[in-house]
Amino acid sequence: MECLIGICGKDFVVVASDNLAAHSIIAIKHDAQKQFELGDKMVMAVSGDAGDMSNYAEYIQKNLKLYEMVHGYKLTPNAAANFSRKVMAQSLRSRGPYMVNLLLAGVEDDGTPSLYFMDYLASMVKEKYAAHGYGSFFILSTLDRYYKEDMTKDEAVDMLKLCIREVQSRFIVNLNAFSVKIIDKDGITSVGDIPSSGTVHKDVPKEAIHPELIARA
């Protein structure tokens, strides 16, 4: 039910992840954070089992920091992606594999943007745009139609909003909002949340709730 989106521009990458944390058919909360900063110019967006998400992302995050402390320099997005794939592949051959999918986005030392798509089977590929989750069935056709390699940041965010609108209008599950970040040579910039057009509990106007329910709260 989760959804991750990545769009690679000329000198930047835009990454978005939904904010829904769910268990079975129950929505636990609508402000879950699924993006982890791996460095000054690198972000990993993760979806999957809640426990595996935290364990895997934090393991990668801390090991990249340890590598920097030991060797005196930071890994590039390409090196970090290959390390992440190695960890995922090793877990597949253990008794406790990580059940996560991810997008790793960053900017190389020469300013070239990179976006890596990886699934829970440790298959990895570098893409210009990518999506994970059921939402990808609706998003990829939109990206195929409107993606341009020389698009600006504003154009990429607008296309991202178009993808999110498509998910909201066609996907049966209400993904209330998406967290969006832009990675470029200057670092990581948070665009904030792109809210959905749907209604979730925290957005329901107080006037619309029956007075007896308010009295019981």
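These legends describe close-up views of one predicted model. Residues are numbered from 1 along each chain as its sequence is written, and side-chain values use heavy atoms, without hydrogens or water. Because the model is predicted, local features need pLDDT of at least 70 and side-chain atom pairs pLDDT 80 or more, while totals for chains, interfaces and linings use all residues.

**View 1. An open sheet of 5 strands.** The strand order is β5-β6-β7-β8-β9, and the pairing is antiparallel. Strands (E, at least two residues) and helices (H or I, at least four) are DSSP runs, numbered from the N terminus. Two strands pair if DSSP finds at least two bridges between them. β5 (35–39) and β9 (124–126) stand at the edges. Each has a single partner strand, so one side of each lacks a neighbour in the sheet. From one strand to the next, the twist averages 20°. Angles run from 0 to 180 degrees between N-to-C directions, with axes fitted to C-alpha atoms, for helices over the stretch in contact.

**View 2. Strands β6 and β7, with helix α1.** β6 (residues 42–48) and β7 (residues 100–107) run antiparallel and are joined by 7 bridges. Met42 stands opposite Gly106 in β7. Helix α1 (residues 50–71) lies across β5, β6, β7 and β8 (113–118). α1 runs at about 160° to β6. Contact here means heavy atoms within 4.5 Å.

**View 3. An aromatic cluster around Tyr134.** Tyr134, Phe137, Phe138 and Phe171 form one aromatic cluster. Rings of Phe, Tyr and Trp (its six-membered ring) pair if their centres lie within 6.5 Å; planes under 30 degrees apart count as stacked, over 60 as edge-to-face and the rest as tilted. The count comes to 6 aromatic pairs. Tyr134 and Phe137 form a tilted pair, 6.3 Å centre to centre with 40° between the planes. Tyr134 and Phe171 are also a tilted pair, at 6.2 Å and 35°. Tyr134 lies in the loop between β10 (129–132) and α3 (136–146), and Phe171 in the loop between α4 (153–170) and β11 (177–184), so this pair ties together parts 37 residues apart in sequence. Relative accessible area is 47% for Tyr134, partly exposed. Phe137 is exposed at 64%, and Phe171 is buried at 13%. Buried means under 20%, exposed over 50%, partly exposed in between (1.4 Å probe, protein chains only).

View 4. The whole structure has 0 disulfides, meaning pairs of cysteine sulfur atoms within 2.5 Å. The sulfur of Cys163 is 8.6 Å from the closest cysteine sulfur, in Cys3, too far for a bond. Cys163 is buried, at 0% relative accessibility. Cys8 is buried at 2%.
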